[in-house]
Structures are given as structure tokens and as C-alpha cells.
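Visitor: I would like to go through this model and ask what stands behind the labels given to its parts.

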Amino acid sequence: MNRLDRDPEPSEPPAATNGDRRGGTEDALRRTEEECEQLTASVEQLEARLDHQARHDPLTGLPNRAVFLELLAGTLEHAAASTIAVMFLDLDNFKVVNDSLGHDAGDRLLVAVARRLEHRLRDGDVVARFGDDEFTMLCRGLTEPSEAADLAERLLATLATPFAVGGEQVFLSASIGLAIPNSADEPAELIMRDADLALYWAKQRGKARVECTSDVMRARVEERLALEQELRRALREEQFAVYYQPMVRLDGRRAVAFEALVRWNHPERGLLPPSEFLAVAEANGLVAQLGAWVITQVCRQIALWKELAVSDHDPVVSINLSARQLLHTGFVDEVAASIKEAGIASRNLCLEITESVMLEDTVSVIERLEGLRDLGIELTVDDFGTGYSSLGYLKRLPVSSVKVDCSFVNGLGRDADDSAIVAAVVSMAHALGLRVVAEGVETAEQIVELEALGCDLAQGNYFAKPQLANVVTSLLRHPLQWRRMPAA
């Protein structure tokens, strides 16, 4: 085979020139730079997103608590105190919305509230979500303090317009605490505390209102904080006593039951009625501990009366319950344990709830009440006619009696409207198979009318003021002395 028949030898690729090598390197560098730039942009975007998430509320998109405090501190450094105001807003009874419509609807409502607040505030003002159903507003550039109060009222009016949530109209109200710094040197935390105190005061005074912090308010709050500390000590040292007031059958003037009423033997202020401390106990979660102590003492006292055989019938004692007690998951078991420890029958105990308890959590309330009824404990609706429940609620509750509020009993014999109200309550309760107890009976004229209206029992100072257990022991042995009791 000659050379022409053989495959040609592979040719060598042309050698790269210096220019070609330089161009390839530059392309690679350019691609690397572009990739670095893209990576840097991605990292920056991620950092910005993470920073935004860390500084904003995920639900409403509003600045969060930390950002609000930063803005307030920065504003205080650069503005006159008189041109700044802080508002602390809390939605009234928002829990009812969550319980009735569900948490998804509650979230949508919070977003709608945030948008309304943003729209109503002035340019330069800031609204933040402080937590749950709480919002804070920082108002800057005010010409005078009254401008902030006017703006707060307008915000409440804005929220009063019903919201459309899930095809339903939802009506809201809110309370606002307003704080205006005394000086630019005032710490942001102190201003927030003042706004929070003002909000607390707005809630205490009926909600759906604006309250501005003041020296008087601060003094009252400081007194309240001091009272809370004293109350905690009183619970540790058991400085309380249980007093008993009889409920008398009108058809025989015989005491058949008692209401247990707690009193505080304050070491400096003397004997304090519940109106002096129960609100503080309720607000700070101490009422459940106090209520548990009262139930234990009452069960022991019933056992003692049974042992002494002071009456020919077993005494029944009523105890007022708070919403906090009733909503506690272990409450029914705790009551059962107190009854068992004392060795008394469940029928000797009657527990009283107010209509306003139904605002808390209807399903849980009814479950607890049914659990108590299953134990054999009687249940009563206290202060009937002054709360929020309807006849429908009353039909659903496993109660055996209602107590007509003293505000209606006071006018018997003088006010035709009060007589008509009591007559209607008696008629309705009897139609449902319930007994009726009239509270706050003070005069013989009231007794005459209550008998005419068919009321079953009466309770009040006309028969006896609340007494200590040893006095009641004597009265149980001598029932005809009820009307001759001195004031406690």
C-alpha cells in the first residue's frame, strides 16, 4: 500500500495565540464576577427579608414592638416632648370574636383594624402591632396635646364602623391609653408604661374610651400595685375571714341557706369588704387562689354545723364564682376534692355565677357547670337582669335558681318599673322551674311586695347583715332571732 492509500495523519490544532488566551480568561472572570454579583444580591435580598421579618409583625405587616420602641427613643432625641404623643390601643372583648367566629376570622379582623388605623393616622405618624390585639401609635409634630386626644377619639370612631369578616358584620370597640412625655429626657419605657396605665384605667372605667395619663392616675395605679403586694401577702398569711348572710324563705321566715362573703382582715386598714380588693385579685389572677381558699373554708364549716347538729336541716351555703375560677380546667375536680375532704354532701354547696361569665367562653363555661351539676351541686345566676345573657342562655345553663339584683329590689313599693321587672323575672323563672331569691332586702315594705309577687326567698340586712360563723351557729339554734341581729 502506497502512501496515498493510508489515512492522513491527524493535524495538530493551531496553537492559541496570546490574544486568545487573554480573551478566554477575561470571559471566565466576567462570568465569575456576574455570579458573585448575583450571589451578593441574593444574600442582600435574603438579609433584607429576614430583617423585615424580624422588625415587622408577620400578620399585619406593621412594625413590631422592638421597632416601635426604637422609633420612640429616636424621636425623643430630636423632638420637643410637647410635640409627641404615644397611644396604646386594645380591642375590647376581642376574645369573643375568636371564640364565636374562629381564629382565622380573628386574624382577618386584626389585619382590617391595622389598615383602618394606618389610613386614619396623619402623615408621619406610626402604628405598630404590640402584641395580640394591642396596637401602639406614635404621633409626631403635634401643635398642642389636645390634638392627640382628638385624634384618639377619631380612631375609636373609625373602629366603631362594623367590619365585614367571612360574610358577617362584626362590631368592635377599643380602649386607648394616651401618654404625652413630660420632657425629652423621659425614657421610652417610662412613656410606654404611662400609656399602658392610661389604657388600664380606660378599661376599668367602662372601655370604649380614651384616658390620658396624669399624676392622679399614677398615684392610683401605685396604690393598686401596693395593694396587690399586700394581697399576695394576705393570701400567704390567710388574713381573710368568711362571713355568712342568711337567705330566708318568705313563706315561713326560716333561714334555709346562706351566702358566703369573704372579708379581708387588713393589718392596718381593718376589715375590708370585697369591693376594696376583689377587682385587684381578679386583674392579677389571684382570685382563683382566694376562691379556692373560700370553698375549702366553707366546706369545713358546713361539716362543723352538721356535726354540731345546729339545725334540723342541712345548711346550704352559696359561694360566688369568678370567670377565672370557672374556666380553670381542673376546677370541677378541685371542688369535688374539697367536698370529699370535708365529708359533706354536694347538695350542701351552691355556686353562684354572674351573667357576664357567659361572655368569656360559652362552651367551656357550660361544660364546667354541667360537671358541677353532675356532682350534685346547686347552681345560681347572681345579679340577674344586669348582665348580658339572654333567656336563651338561661335555658341552656344547668341552674336551679336566679337572684334578682338589689338595684331592682330597692325600688319595690316606690317604683312601678322595678315592680314590673321583678314580677317578670319571678314569672319567667317559675315557668322554667327555677327559684327566685331577692337580694338587698332592707325594708318590711319590700318584703310585703316580694310576697305578693310570689318570690321564694329573700336576702338582705332586713334579716341580718353578714356574720361570722360562730354567730350564725347561735342563730341556727335560735332562728327567731334573725330580725333582732345587730349590725356586723
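**Labels and their grounds**

Guide: Contacts between residues 24 or more positions apart make up 67% of those in the protein with a separation of 6 or more. The model is a predicted one. Its secondary structure comes to 17 helices and 17 strands, and 44% of the 488 residues count as buried.

Visitor: What makes phenylalanine 240 and phenylalanine 277 an aromatic pair, and why is the pair called tilted?
Guide: The ring centres are 5.8 Å apart, and the limit for a pair is 6.5 Å. The angle between the planes is 50°. The structure holds nine aromatic pairs.

Visitor: Why is this pair said to tie together parts of the chain?
Guide: Phenylalanine 240 belongs to strand S8 (residues 240-249), and phenylalanine 277 to the loop between strand S10 (270-272) and helix H8 (278-283), so the pair joins parts that are 37 residues apart in sequence.

Visitor: How do you know whether phenylalanine 240 is buried or exposed?
Guide: Buried means under 20% relative accessible area. Phenylalanine 240 has 6% relative accessibility, so it counts as buried. Phenylalanine 277, with a relative accessible area of 0%, is buried.

Visitor: Why is the pair of tyrosine 244 and tryptophan 305 called edge-to-face?
Guide: Their planes stand at 65° and their ring centres are 5.2 Å apart, so the pair is edge-to-face, the cut-off for that label being over 60 degrees. Tyrosine 244 lies in strand S8 and tryptophan 305 in helix H9 (residues 287-308), so this pair links distant parts of the chain, 61 residues apart. Tyrosine 244 counts as buried at 2% relative accessibility, and tryptophan 305 counts as buried at 1%.

Visitor: Which residues do ring pairs link into a cluster?
Guide: The cluster consists of Phe240, Trp264, Phe277 and Trp293.

Visitor: What makes arginine 65 count as sitting over the ring of phenylalanine 130?
Guide: Its charged end is 4.2 Å from the ring centre. The distance limit is 6 Å, with a further condition of 35 degrees from the ring normal. Arginine 263 likewise has its charged end over a ring, that of tyrosine 243, at 5.7 Å from the centre.

Visitor: What caps the N-terminal end of H2?
Guide: Asparagine 64 does, through a side-chain oxygen that lies 3.3 Å from the backbone nitrogen of alanine 66. The limit for a polar contact is 3.5 Å.

Visitor: What span does helix H6 have, and what follows the helix?
Guide: H6 (residues 188-204) has 17 residues and a reach of 24 Å, close to the 24 Å expected. Glycine 206 follows H6, and its phi is positive, near 120°. Buried residues of H6 include Ile191, Leu197 and Trp201.

Visitor: What makes serine 401 and threonine 380 a polar contact?
Guide: Their side chains come to 2.6 Å, and the limit is 3.5 Å. Serine 401 is in strand S14 (residues 401-404) and counts as buried at 2% relative accessibility. Beyond its neighbours within four places in sequence, serine 401 is in contact with Leu379, Thr380, Val381, Leu434 and Arg435. Between serine 401 and aspartate 456 the C-alpha distance is 9.8 Å, and they are 55 residues apart in sequence.

Visitor: How many disulfides does a search of the whole structure find?
Guide: The search finds zero. A disulfide would need a pair of cysteine sulfur atoms within 2.5 Å. Cysteine 299 is buried, with a relative accessible area of 0%, and cysteine 455 counts as buried at 7%.

Terms used
Residues are numbered from 1 along each chain as its sequence is written. This is a predicted model: local features need pLDDT of at least 70, side-chain atom pairs count only at pLDDT 80 or more; totals for chains, interfaces and linings use all residues. Side-chain values use heavy atoms; hydrogens and water are left out. Helices (H or I, at least four residues) and strands (E, at least two) are DSSP runs, numbered from the N terminus. The expected span of a helix is 1.5 Å times one less than its number of residues. Buried means under 20% relative accessible area, exposed over 50%, partly exposed in between (1.4 Å probe, protein chains only). Rings of Phe, Tyr and Trp (its six-membered ring) pair if their centres lie within 6.5 Å; planes under 30 degrees apart count as stacked, over 60 as edge-to-face and the rest as tilted. Contact means heavy atoms within 4.5 Å. A polar contact is a pair of N or O atoms within 3.5 Å; within protein, one must be able to donate a hydrogen and the other to accept it, and residues adjacent in sequence count only if both atoms are side-chain atoms.
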